[in-house]
Amino acid sequence: MISTVVSFIVVLGVLIFIHELGHFIVAKWSGVGVERFSLGFGPVLFAIRRGETEYCISAIPLGGYVKMMGEESPMEGGGAAVIDPAKAFAVKPVWQRFLIVFAGPGMNFVLAALLVMGLFMVLGRPGVPSVVGRVERDSPAAQAGLRPGDRIVAVDGRPIVQWEELIEPLQEAGGGTIQVTVRRQDEERKVALTPAKHMLRDLFGDEKNVWEIGARPRDPARVGEVVPGRPAAKAGLKAGDVVVALDGRPILDFEELAEIIYQRPGQPTLLTVDRNGQRMDITVVPELGKLPYPIGDQKEVGQIGIGRAVPSAVYVRSNPVAAVGQAVVWTGQVTSLTVWSLWKLIKRDISASNIGGPIQIAVAAGQQARLGLEHLIRFTAVISVNLAVLNLLPIPMLDGGHLLFFVIEAIIGRPLSLRKREIAQQVGFFFLMLLMVFAVYNDLSRIDLFRFFK
């Protein structure tokens, strides 16, 4: 419980600070006076004044704000305070006001890229070792003679250590042949691989064609979480166990284990597990459960109540120049995925039950913190991108709503009337409150509160 709350406060605090710092820096650069820089909303818990600006921490930690001088034009009756006109936000050119507002989400994009860049330089890019696991019958990999346990050490003469380094050459080759160098025990040999086109469904259920060789990386079926009270826990399965066989059939990866368990609700199933070098047999009876999909569908399958352990990874460090490019690409990919997810939600291709709120973020932050600092930093980067994208939505009360007002002002040559903006802000506030209530409802229905507060 304590680690979850602390992780949540740290992650949210960093994201809010960076976001508001973006507004603050560009406002100062534009010559706009800043009256208050606040982390949080509501009653002020702590405050200190430096020059014209009061820096404070407020009671409700779910946001923050930068209060600028002259945010409403005196001509519109937006404030009676006497201020230096040169420092008033409302009288600045529309392009400067646009930059000031955009700087908040912009800094969240920058933060995400910097965090990932640092990880790539210090720890390296994580990837699955380029060791062959399951090989499908009659696949290109099988026809080339690849076997489980083979290590792919080069593609077209270029050394590789991660399975991900094999994916791009396969897609670039299309139906062409590539040469891979395979190490089996102490012997190396070159084989020709001709990928085949395969249709698969992505995270959102959309079909797409990819080029594959019909082999998966080795991912031993190592047990992570064991849910108390579920069949696996009752049968004596423990975290760290590696399932090596099911009813005598060898199991090469966790996905293969899951696929078989899904098909066996109510059927006694003999699992052979490796526990600290010792093998033992455990009989478990999968119970009928529902497997959720992002698109909102649910499928009844057999489940035993275990989670996959974090796969072992190999890291490849990037030099500073390469890390910058890789971090920008990573941030762009997460941004694209976030935008596409929102579009799918709007189209109702994805169930609204996937919307999460602060409780879900807190739970996820705690889980990532327990996995290690690397995972927490990467999670913070992902949430930073999500925060940036959400803030850019054209909804009044959000930065995107203000940016929309500025675009309209640039088009018609004058700002919208104060009354129209007030009405839009009220509608936006009502919409955001409904969304927050719905997100919290989803959080409460999704998690076990008794486990959360342990």
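Which helix holds Glu409? Glu409 is found in helix H10, residues 399–412. Helices are DSSP runs of H or I with at least four residues, strands are runs of E with at least two, and both are numbered from the N terminus.

This is a predicted model, in which local features need pLDDT of at least 70, side-chain atom pairs count only at pLDDT 80 or more, and totals for chains, interfaces and linings use all residues. Residues are numbered from 1 along each chain as its sequence is written, and side-chain values use heavy atoms, with hydrogens and water left out.

The chain has 12 helices and 20 strands. Of its 454 residues, 40% count as buried, meaning under 20% relative accessible area with a 1.4 Å probe and protein chains only.

Glu409 is buried, at a relative accessible area of 13%. Its side chain joins that of Arg97 in a polar contact of 2.7 Å. Such a contact is a pair of N or O atoms within 3.5 Å, where one must be able to donate a hydrogen and the other to accept it; residues adjacent in sequence count only if both atoms are side-chain atoms.

Now the helix pair. H7 and H9 pack at an angle of about 55°, with axes 9 Å apart. Axes are lines fitted to C-alpha atoms over the stretch in contact, and angles run from 0 to 180 degrees between N-to-C directions.

| Helix | Residues |
|---|---|
| H7 | 320–347 |
| H9 | 373–391 |

The contact (heavy atoms within 4.5 Å) includes Trp330 and Val334 of H7 and Ala381 and Val385 of H9.

Note on methods
Buried means under 20% relative accessible area, exposed over 50%, partly exposed in between (1.4 Å probe, protein chains only).
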